Amino acid sequence: MTMSVAHTTEVAHPLRGLLPLWVGVAIYALFLLAGNRLLIDPDTMWQITVGQWIIDHRAVPETDVYSFTMRGQPWISTQWLAQVMYAKVFAMFGWSGPVVLAASAISATFALSTKFLNRHLSESTTLVFIAAGLALAVPHLLARPHVLALPVMVAWVGGMIAAAERRAAPSLWLLPLMALWANLHGGFVFGLVLIAPVALDAVWSAEARLRKSLVLRWAAFGVAALLTSFGTPYGWNALLASQKILGLGAALPLIMEWKPADFGSLGALEACLLLGTGLALYRGIKLPPVRIVLLLGLVHMALAQGRASEILALLAPLVLAAPLAKQIGGAETAHSAAAPMRGLLFAGVAAALLAGTIAWTSVHRFEPHTRGSPVAAVAALKQLNLSRVFNDYDFGGYLIANGVAPFIDGRTELYGEKFFVDHNAASGLMEPENLFRLLEAYNIEATLMRTQSAATKLLDHVDGWQKTYSDDIATIHLRKSGAVHTREPAVDPKAK
C-alpha cells in the first residue's frame, strides 16, 4: 500500500518579518522632520567645538583648555569619538549633519530593539513596547554623544541576553561593540556592570552539570570585555573618568538631567510604570528571580536620575521579552522575504531615505535653539574684551562655542562637587556670601547671568557693579569702582 503525502509550501511575502525596517524608517523620518528639536541643548555646540579641537590638533584633550578657572587641570573626554563625528558632519553639512547623524542613531536604536523583541513577542506587543520606549526616551534624544552610543548599548545588552537565554556565553564578536562604546561615551561602564547579572541569569537557569563551565566562560568574557574597554586613547583612565562623574555627590541632583523623577504631574515614566504594574497584576505575570532584580535595578535608576529613563525604556523590554512571551503569547510564525527580494527592498528603502533626506535638508534650515541662549549678551560681552567672567552654569557651553572662557560649564566632573555646589549656591543666592566670595577670589571682571536670577537682581543694587547690557535672557554687570546704586530705604513715618 502506498501513501501519498501532500506537501505544502508557504510562499514568503516580501513584507513579512520586516518590522524592524519599518520602525527604523518611521523613526528616522520623524526625527528628521522635527530636526531642530535635536538641537535644543546648548551642549551640542561645545561638543562640536571639542571635536573640532581634536581634529585640528590630531590629539585628544588631556587638560582643560577652555575655562579660566580650571585651565590646565587634568580633563579627558570619554566621548571623543562622538565629538569628532559631530564635528566632521557639521563641517561638511552645517547643522544638517548633526541632525541626520543623531536621527540615524536613534533610528538604528529602535530598529535593533524591535528586532530583538520581535524574536519573542508578536508584532503588536513589540510595537507597544517601542511606543512606550519612545515616549520615555524622547526628552533625552538630542544631538549629543550619548545618542550615538544607544544602538551600541542595545546591541550589546541584546546580544548578552540572547546568549543567556541559550544557556551559553556571549559571542566574542560582541567585544568590538565594547571597544566602540568606550570611545563614544562614558556609559560603557554600565555595559560592563551588566555582564555580572546577565551571567547570573544564564547560570541560574542552566542545568547543574553545565553551571561550572558556564561560569568560567562568562568570567572569561567579562575579563575580555574589561580589557577591550581599555582600547581608547586614554586606556584605563576612561574607566576612572566615568566613575568620577558618578562620584559628584551633592552636585548631581542639582543638574537637570540627573535630578530624581518628579511625580508632581502625570508624565511618561509614571504612566508606563502604572500601566506595567496593572498589566502584571491583571495577567499574573511572573519573572525569573534574576530578571526581577534586573528590572527593579533599571526602575530604580530611572527614579533616581532622569537621564536613566532612556536606559529603562530600551533595556527593560529586552529583559521582559522572553519570559513575557511564554505567558501572554509569543511571536507569530512568519517567513522573511527571500534574500534577493530582501536585498532589493533594503536598497530601495535606502535610496528613498537618501533622496528624501537631501530634499528635506535642501529646503529646511536646521539651527540650534538659541531662544534661551545669551546670543546678544555674548556679542556685547566680547566687545568688552574681558577674560574673567562669572557666568550661569547653563551659559557655559554657549561661551565655549563662541570662544569665551567660562567660569563654569557642563563638564561638571572637571569642576568637582564643591566648586559646582558653591557656584550653584552663589548664583541662586542660597548662600549670598558665596557670590561675593567667588567674585573676589577669582577677580571677576564681569558677570553674565540670567536676567531673572536672584544674583542678577542683587547686583542691580550693589555698589561697584554697573549694568552694561540686559535683555530678556541675560544681563551683564561690569565691575566698576565708580558705580553707585545705594539708596536709603524709605521709612514709614508712623513707624518712628
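## About the model

Local features in this predicted model need pLDDT of at least 70, side-chain atom pairs count only at pLDDT 80 or more, and totals for chains, interfaces and linings use all residues. Residues are numbered from 1 along each chain as its sequence is written, and side-chain values use heavy atoms, with hydrogens and water left out.

## Overall build

Let's start with the whole protein. It has 20 helices and four strands; helices (H or I, at least four residues) and strands (E, at least two) are DSSP runs, numbered from the N terminus. Along the principal axes, the C-alpha atoms fill a box of roughly 120 × 55 × 50 Å.

Of the 496 residues, 47% count as buried, where buried means under 20% relative accessible area, exposed over 50%, and partly exposed in between (1.4 Å probe, protein chains only). Among contacts between residues at least 6 apart in sequence, 71% join residues at least 24 apart; contact means heavy atoms within 4.5 Å.

## Helices α6 and α14

Two packed helices are described by the angle between their axes and the distance between the axes. Here, axes are lines fitted to C-alpha atoms, for helices over the stretch in contact, and angles run from 0 to 180 degrees between N-to-C directions. Helix α6 (residues 145-165) packs with helix α14 (residues 309-328) at about 20°, and their axes are 10 Å apart. The two are therefore roughly parallel; that label covers angles under 35 degrees, while over 145 counts as roughly antiparallel, 65 to 115 as roughly perpendicular and the rest as oblique.

The crossing of α6 and α14 is right-handed; a crossing is left-handed if the near helix is turned anticlockwise from the far one by less than a right angle, and right-handed if clockwise. On the α6 side, the contact is made by H146, L150, M153, V154, V157, G158, I161 and E165, and on the α14 side by E310, I311, L314, L315, L318, V319 and A322. These contact residues divide into eleven nonpolar, two polar and two charged (Ala, Val, Leu, Ile, Met, Phe, Trp, Tyr, Cys and Pro count as nonpolar, Asp, Glu, Lys and Arg as charged, and the others, Gly among them, as polar).

## Helices α9 and α13

Helix α9 (residues 195-205) and helix α13 (residues 289-304) pack at an angle of about 165°, with 9 Å between their axes. They are therefore roughly antiparallel to each other, and their crossing is left-handed. From α9, P197, V198, L200, D201 and W204 meet P289, V290, R291 and L294 of α13. The residues of this contact comprise seven nonpolar, no polar and two charged.

The buried residues of α9 are I195, V198, A199, D201, A202 and V203. They pack against α6, α8 (188-193), α10 (208-229) and α13.

## Individual residues

A308 sits in the loop between α13 and α14 and, at 2% relative accessibility, counts as buried. Not counting residues up to four places away in sequence, A308 touches M301 and A302. The C-alpha atoms of A308 and A261 are separated by 9.8 Å, with the two residues 47 apart along the chain.

T114 belongs to helix α4 (residues 96-118) and is buried, at 0% relative accessibility. Leaving aside neighbours within four places in sequence, T114 is in contact with L19, P20, V23, T126 and I130. Finally, just after α12, G284 takes a positive phi of about 65°.
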